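Open the model in your viewer and keep the sequence panel beside it. The stops below go from one selection to the next.

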Amino acid sequence: MPLEFIDFPRVFNLRDLGGLTTRDGRAIRPGLLYRSDNLGVLADEALPPADRDRFGALGVRTIIDLRQPAEIERHGGRAPGWSCSSWHNVPLNNPAWRDEDYSEVDGPAAYLIARYHEAAKTSGTHIARTIGLLADPAAVPAAVHCLGGRDRTGIIIAFVEDLLGVPDETIAADYHFTEQATRRFMTWFRTVRPDAKDLLPYLDVTPPEVILTFLTELRAEYGSVQSYLEFHGLTEGQVQALRSIYLTEA
């Protein structure tokens, strides 16, 4: 299973989902769907022209930014206009994460699962809208990102992978791979902030059991990921469009 990063300055979690295989023997087409951390850093005037050209060569038409508007402003702005033809801000309006809700006894996994369920309950229409945007043939290639490309992006991508028929163990491996991106970010961050503290435990890891448990419990409540998304506005036609756009022929 191909899991690898596409390197750009201060972009630590950009990757192509192409090549992930499905239960029926198909695969996600390369070069059509990307997940990432903050692509707003591409607006940095110090970005070398060669890197701008390399990103341009990916051919990204659509970028979907899942951050809150204030968060976008606080972290340097949106992805630059040259990086895509269409930019959408679809903020997931889940409650703010509170340190006091973290229990060392229960550990990071329990905390993350609870936060993901909060997002599913409070941001269902936004999640369905995001996936609906990806179901437009004119949108591809497309990239979805938040700040770290971990939690909000992780939920969206896990749902898309499920709709495409990617098996749970592959979804979990893709989710867990973000942990390496966190290490890459912290290695860079300590070059500019040598006194930086360690991340809080629930920000430092992406255990595979988090996304597996979250998906299992969501399916128990709604019947399937597709049923959850259709409840919040995604259509059967959009699900079929996703499969037509992103999957190779059987």
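Which residue in β2 is the bridge partner of Arg15? Select Arg35: in β2, Arg35 is the bridge partner of Arg15. Before moving on, note that this is a predicted model, in which local features need pLDDT of at least 70, side-chain atom pairs count only at pLDDT 80 or more, and totals for chains, interfaces and linings use all residues. Residues are numbered from 1 along each chain as its sequence is written, and side-chain values use heavy atoms, with hydrogens and water left out.

**Stop 1: the sheet**

Show the cartoon. Helices (H or I, at least four residues) and strands (E, at least two) are DSSP runs, numbered from the N terminus. Five strands make up an open sheet with mixed pairing, in the order β1-β2-β5-β3-β4. Its edge strands are β1 (15-16) and β4 (86-89), and each pairs on one side only. Two strands count as paired if DSSP finds at least two bridges between them.

β1 and β2 run antiparallel and are joined by two bridges. Next, select β2 (residues 33-36) with β5 (residues 142-145): the two pair in the parallel sense over four bridges. Tyr34 has Ala143 as its bridge partner in β5. Now go to β3 (residues 62-65), which runs parallel to β4 and is joined to it by four bridges. Pick Ile64 there; His88 in β4 stands opposite.

Return to β2 and show side chains. In a regular strand the side chains alternate between the two faces of the sheet. Are the faces of β2 covered or open, and which residues lie on each side? Both are covered: Leu33 and Arg35 are on one side, Tyr34 and Ser36 on the other, and all are buried. Buried means under 20% relative accessible area, exposed over 50%, and partly exposed in between (1.4 Å probe, protein chains only).

**Stop 2: two backbone details**

Most residues other than glycine have a negative phi, and most peptide bonds are trans.

Pro141 sits in the loop between α4 (124-134) and β5.

Then select Arg10, in the segment before β1. Arg10 counts as partly exposed, at 35% relative accessibility.

**Stop 3: salt bridges**

Side chains of opposite charge can pair when their charged atoms come close. A salt bridge here is a side-chain nitrogen of Lys or Arg within 4 Å of a carboxyl oxygen of Asp or Glu. The structure holds 20 of these salt bridges.

Select Arg15 and Asp174. They form a salt bridge, with the closest N and O atoms 3.1 Å apart. The pair links distant parts of the chain: Arg15 is in β1 and Asp174 in helix α6 (residues 168-192), 159 residues apart. Are these two partners buried or exposed? Arg15 is buried, with a relative accessible area of 1%. Asp174 is buried as well, at 1%.

Slide along α6 to Glu179 and Arg183. Their side chains meet in a salt bridge at 3.6 Å, N to O. Both lie in α6, four residues apart, about one turn of the helix. Glu179 is buried at 17% relative accessibility, whereas Arg183 is partly exposed at 36%.

Now select Arg193 and Asp195, whose closest N and O atoms are 3.6 Å apart in a salt bridge. Asp195 is exposed, with a relative accessible area of 59%; Arg193 is partly exposed, at 43%. Elsewhere, salt bridges that share partners join Arg15, Arg35 and Asp174 into one network.

**Stop 4: the cores**

A nonpolar core is a set of buried Ala, Val, Leu, Ile, Met, Phe, Trp, Tyr and Cys residues joined through side-chain atoms within 4.5 Å. The largest has 54 residues. Ile127, Ile131, Leu134, Phe159, Ile211, Leu229 and Tyr246 have the most contacts inside it. Elements giving two or more residues to this core include α3 (107-122), β5, α6 and α10 (236-246). The largest share, eight residues, comes from α5.

Which residues does Phe159 touch, not counting residues up to four places away in sequence? They are Ile127, Ile131, Phe214, Leu215, Leu218, Val225, Tyr228 and Leu229. Contact means heavy atoms within 4.5 Å.
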